[in-house]
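Hi everyone, thanks for coming. Let me put the model up on the screen, and then we can walk through a few parts of it together.

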Amino acid sequence: MKAPRPWLLVVGLLLAIVILSIVLQAVNSLLWQLSYWLPSWLVGPTLLLLVAAIGLSIYPLLKPWLAPRLRNSKLELPKAASNRGEAAQQNLNALDQQLTQLKDLVAREALLKRRLEVETYLKKGDLIVVFFGSGSSGKTSLIRALLNDRIGEVGAVMGSTKISTNYLMRLQGMQRSIQLRDTPGILESGAIGLEREQQARAEATRGDLLVFVVDSDLRSSEFEVLQALAQMGKRMLLVLNKCDLRGESEEQRLLHLLRVRCSGLIRNDDVVSASGAPQSIPQPGGKPLQPAAEINRLLNRLAQLLREEGEDLLADNILLQSSRLSAISEELLDKQRYRESMQIVERYGWIGAGAIALTPLPGLDLLATAAVNAQMVVEIGQIYGVTMSKNQGQQLALSLGRTLGSLGLVKGGAGLIGTAMGLNLPALLASKAIQAVTGAWLTRLAGKSFISYFRQQQDWGDGGIAAVVREQYDLERRDLDLKRFLEEALARVVEPLKQQVQQLPPRRGPREVVEEGGPGDPVKKPPTNKPPQWQ
């Protein structure tokens with residue numbers, strides 16, 4: 001902050017003294033008048049009432065200037081969240097502020113509905129455990145084994161579709177219910193397999209805890225999926241299923257190999273073995289023996305995680321879901337701001353083009369001034385929530401105008417527009433049209449540069465203002481964009497100029513010559529048939 005200049009302090013002090021003297025003189029005059037008309041004991045109360053009445057009458061006039069200061073004095077930093085649940089709620093509240101700015105009612109209502117679902121899920125939703133893996137890994141058998149075990153009360157099937165099945169259960173010591181979600185297998189061939197895998201991944205992103213099931217060492221395709229889910233912040237258990245098919249030493253070798261491969265993605269104690277549906281053992285002369293499922297290690301680790309970290313897992317998932325909703329909302333809001341900003345740019349561009357067409361500029365260098373309008377900068381800033389004064393907008397506009405000139409884009413733009421238009425008009429009107437359309441095009445170039453500046457939080461980026469302007473110039477030079485712009489320019493600028501040409505009166509030809517034909521009978525010499533000349 002700059003220090004105030006000494007002469008400003010002196011002027012301010014003198015002004016304060018003058019105002020104070022005027023106020024004291026007015027008070028003394030008022031006291032004298034009251035003393036003349038009222039008894040002495042009534043002068044003081046009457047003076048206080050008059051001062052209060054004057055203050056109440058002046059306050060509404062000063063309120064617009066005082067209100068911002070009062071509001072700023074009450075601003076407080078948001079309270080830091082004490083746990084992940086509060087952080088998730090704060091994230092949802094921040095999402096509300098974004099949604100209020102969206103003008104697309106359909107998109108806003110859809111996001112608001114999803115936001116309310118997420119908040120309800122945060123307060124009283126079930127913990128969702130998603131079983132994920134290839135179709136042959138045995139996910140369903142593990143879920144059935146868990147449901148048949150004595151881990152808690154098992155509810156009825158909540159619902160099923162062609163791609164997933166959800167089961168509800170309760171775990172002792174937990175208030176929330178637990179939802180076990182069986183997803184279709186991944187890495188299946190064909191279009192149907194790809195569609196089901198996408199559905200399974202979508203289910204996985206909505207789960208609080210993932211149980212990734214494999215029946216051997218990880219394949220590269222499985223590891224890529226696991227890595228992608230872990231990078232999203234999902235907590236996972238990796239289960240080596242079908243351990244009854246291999247010996248103890250082979251099982252330990254595979255567990256060690258899985259822990260090494262998933263180091264940094266999954267904790268060592270979150271890699272366990274299980275057997276959801278052991279193979280039956282044939283018995284001579286009797287029915288085959290069906291061994292019990294081996295799920296104790298999975299059961300114990302799953303119960304421990306849900307009891308100790310269930311609320312945090314749910315809050316982390318809410319943070320992830322709300323962040324995704326916020327990203328969608330921010331993208332929609334950015335597109336909305338861009339459309340509104342481009343409407344401002346188009347308006348100022350064609351207004352400037354009309355002014356140039358009526359009053360041609362003396363030189364192309366002055367087109368930079370027409371291309372960067374301070375008011376346009378201020379209005380674009382307002383759309384992006386940035387308040388700046390007209391002077392600040394002018395300084396920013398002049399800075400970009402100097403950049404246009406230093407890069408040679410003003411004359412280059414005029415040459416590009418002149419070559420592309422190829423108008424069949426008299427020289428004077430062709431010059432007007434080229435100048436006007438070039439002015440509109442430079443305004444469009446400047447406006448897009450300003451939009452890029454505000455979209456990047458008032459930052460020109462590493463390359464500075466020149467890099468942004470050059471990038472927008474290269475984008476605008478593309479044939480498709482330039483062609484579309486010129487089509488609009490023909491309708492807005494060139495056609496009105498053509499009509500103006502048609503309405504201009506022709507220049508008068510040579511004056512009529514009167515010859516002596518006879519007494520009192522002047523004969524007019526016919527005028528020449530030369531074409532009229534344009535002014």
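Before we look at any sheet, a quick word on pairing: two strands pair if DSSP finds at least two bridges between them. Helices (H or I, at least four residues) and strands (E, at least two) are DSSP runs, numbered from the N terminus. What you see is a predicted model, where local features need pLDDT of at least 70 and side-chain atom pairs count only at pLDDT 80 or more, while totals for chains, interfaces and linings use all residues. Residues are numbered from 1 along each chain as its sequence is written, and side-chain values use heavy atoms, leaving out hydrogens and water.

Let's start with strand 6, residues 236-240. Strand 5 (residues 209-214) runs parallel to strand 6, and five bridges join them; Phe 212 sits opposite Leu 238. On to strand 7, residues 271-273: this one is also parallel to strand 6, with three bridges, and there Leu 238 has Val 271 as its bridge partner.

How does the chain get from strand 6 to strand 7? It passes through helix 8 (residues 248-261), in a right-handed β-α-β crossover. Right-handed here means that, with the strands pointing away from the viewer, the path from the first strand over the helix to the second runs clockwise. Strand 5, helix 7 (residues 220-231) and strand 6 form a right-handed β-α-β unit too.

Is strand 6 buried or exposed? Five of its five residues are buried, so the rest of the structure largely encloses strand 6. For cut-offs, buried is under 20% relative accessible area, exposed is over 50%, and partly exposed is in between, with a 1.4 Å probe and protein chains only. In a regular strand, side chains alternate between the two faces of the sheet. Here Met 236, Leu 238 and Leu 240 point one way, Leu 237 and Val 239 the other, and all are buried.

Now helix 13, residues 409-421. Buried in helix 13 are Leu 409, Val 410, Gly 413, Ala 414, Ile 417 and Met 421. Down the axis, these buried residues fall within an arc of 135°, so they line one face of the helix; the arc uses directions from the helix axis to the C-beta atoms. Lys 411 and Thr 419, on the other side, are exposed.
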